[in-house]
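Trainee: Could we go through this model together? I'd like to start with the terms and then move on to the packing.

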Amino acid sequence: MSSAFVFPGQGSQAVGMGKSLADSFAVARAVFEEVDEALGEKLSTIMWDGPIETLTLTANTQPALMAASVAALRVLESEAGLDLARDAAFVAGHSLGEYSALAAAGSISLADTARLLRLRGTAMQAATPVGTGAMAAILGLDFEQVVAVAAEAAQGEVCDIANDNAPGQVVVSGDAAAVERACEIAKREGAMRAILLTVSAPFHCRLIASAADAMREALAGVEVRAPKVPLVANVTAAPVTDPDEIRALLVKQVTSTVRWRESVSFMAGQGVTRLVEVGTGKVLSGLTKRIARQVAAANVATPEDVAAFAAPAEA
């Protein structure tokens with residue numbers, strides 16, 4: 001079985017995430033302690049005790065999801081004998097999850113990843129005045145149809161494709177009025193639903209270009225190594241290992257479409273038969289079933305999940 005390990009993005013957060021791993025495994029506790037130290041605050045307390053409103057602040061959500069994912073990965077390594085270099089064909093992550101994937105694969109240190117994601121979340125939030133941007137999920141139209149909807153809705157404003165998540169699930173992002181127009185046009189064109197999302201900023205669109213500038217400056221001062229296994233990048237839906245290219249793609253990713261449907265299809269086409277979602281939630285596992293039905297999906301977030309992952313190897 002050829003496996004890829006994938007890492008979730010914003011929206012998967014939940015109060016209590018990672019706590020059962022920290023309670024059960026020293027290697028998981030060490031991850032949360034290192035992230036707390038890197039940020040100079042107890043992010044782990046917010047993760048485990050909430051409130052959810054504080055956890056959902058973008059500047060907290062992004063490093064928190066990464067910490068939970070890397071903790072789960074470290075437990076898989078220590079308890080289930082996982083060796084990414086040996087056992088993974090690819091790693092990939094959805095938006096901020098791309099940073100989790102790079103940390104897991106040894107490309108960026110855990111402390112640097114935590115600080116980068118804190119900056120990324122803060123810069124994304126600050127890029128537009130609150131309420132001026134919006135995002136919406138368009139369900140039931142294919143990617144090309146939503147591209148046409150966004151183009152019609154723009155009317156001189158920004159309405160970009162933020163996420164190509166799965167067949168029939170595409171997210172648009174931009175000026176609030178343009179996104180609202182896109183919802184109405186999509187319904188007219190036969191969309192099953194067009195849902196405005198509860199987000200603090202219009203992610204993955206041109207309106208947050210200042211956040212890309214902030215990440216370019218920050219990444220220039222961070223060591224980026226070749227990952228143990230190729231990263232399938234959000235921007236290109238293709239594998240990358242060169243550190244300079246990784247830096248450039250992480251900058252471009254801020255304002256570019258997350259090409260998740262194509263990324264999963266690429267991995268499936270390369271012979272991947274199992275995608276393991278590492279960290280909180282089952283969002284990517286659900287998308288996998290819609291994109292490539294022949295690919296098995298599993299997720300690892302708890303001690304029980306780790307035991308289930310290890311069981312086939314022990315059988």
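Mentor: Helices (H or I, at least four residues) and strands (E, at least two) are DSSP runs, numbered from the N terminus. The model is predicted, so local features need pLDDT of at least 70 and side-chain atom pairs count only at pLDDT 80 or more, while totals for chains, interfaces and linings use all residues. Residues are numbered from 1 along each chain as its sequence is written, and side-chain values use heavy atoms, with hydrogens and water left out.

Trainee: Which residues in H12 do Ala212, Met215, Arg216, Leu219 and Ala220 in H11 meet?

Mentor: H11 covers residues 209-220 and H12 covers residues 243-253. Ala212, Met215, Arg216, Leu219 and Ala220 sit on the H11 side, and their partners in H12 are Arg247, Leu250 and Val251.

Trainee: Is H11 roughly parallel or antiparallel to H12?

Mentor: Axes are lines fitted to C-alpha atoms, for helices over the stretch in contact, with angles from 0 to 180 degrees between N-to-C directions. The H11 and H12 axes come within 8 Å and cross at roughly 160°. Angles under 35 degrees count as roughly parallel, over 145 as roughly antiparallel, 65 to 115 as roughly perpendicular and the rest as oblique. That makes the pair roughly antiparallel.

Trainee: Where is His204, and is it buried or exposed?

Mentor: Most residues other than glycine have a negative phi. His204 has a positive one, near 55°, and sits in the loop between S6 and H11. Buried means under 20% relative accessible area, exposed over 50%, partly exposed in between (1.4 Å probe, protein chains only). At a relative accessible area of 3%, His204 is buried.

Trainee: Is the peptide bond from Gly50 to Pro51 cis or trans?

Mentor: Pro51 is in the loop between H3 (43-49) and H4 (52-55). With omega near 5°, the bond from Gly50 to Pro51 is cis.

Technical notes
Contact means heavy atoms within 4.5 Å.
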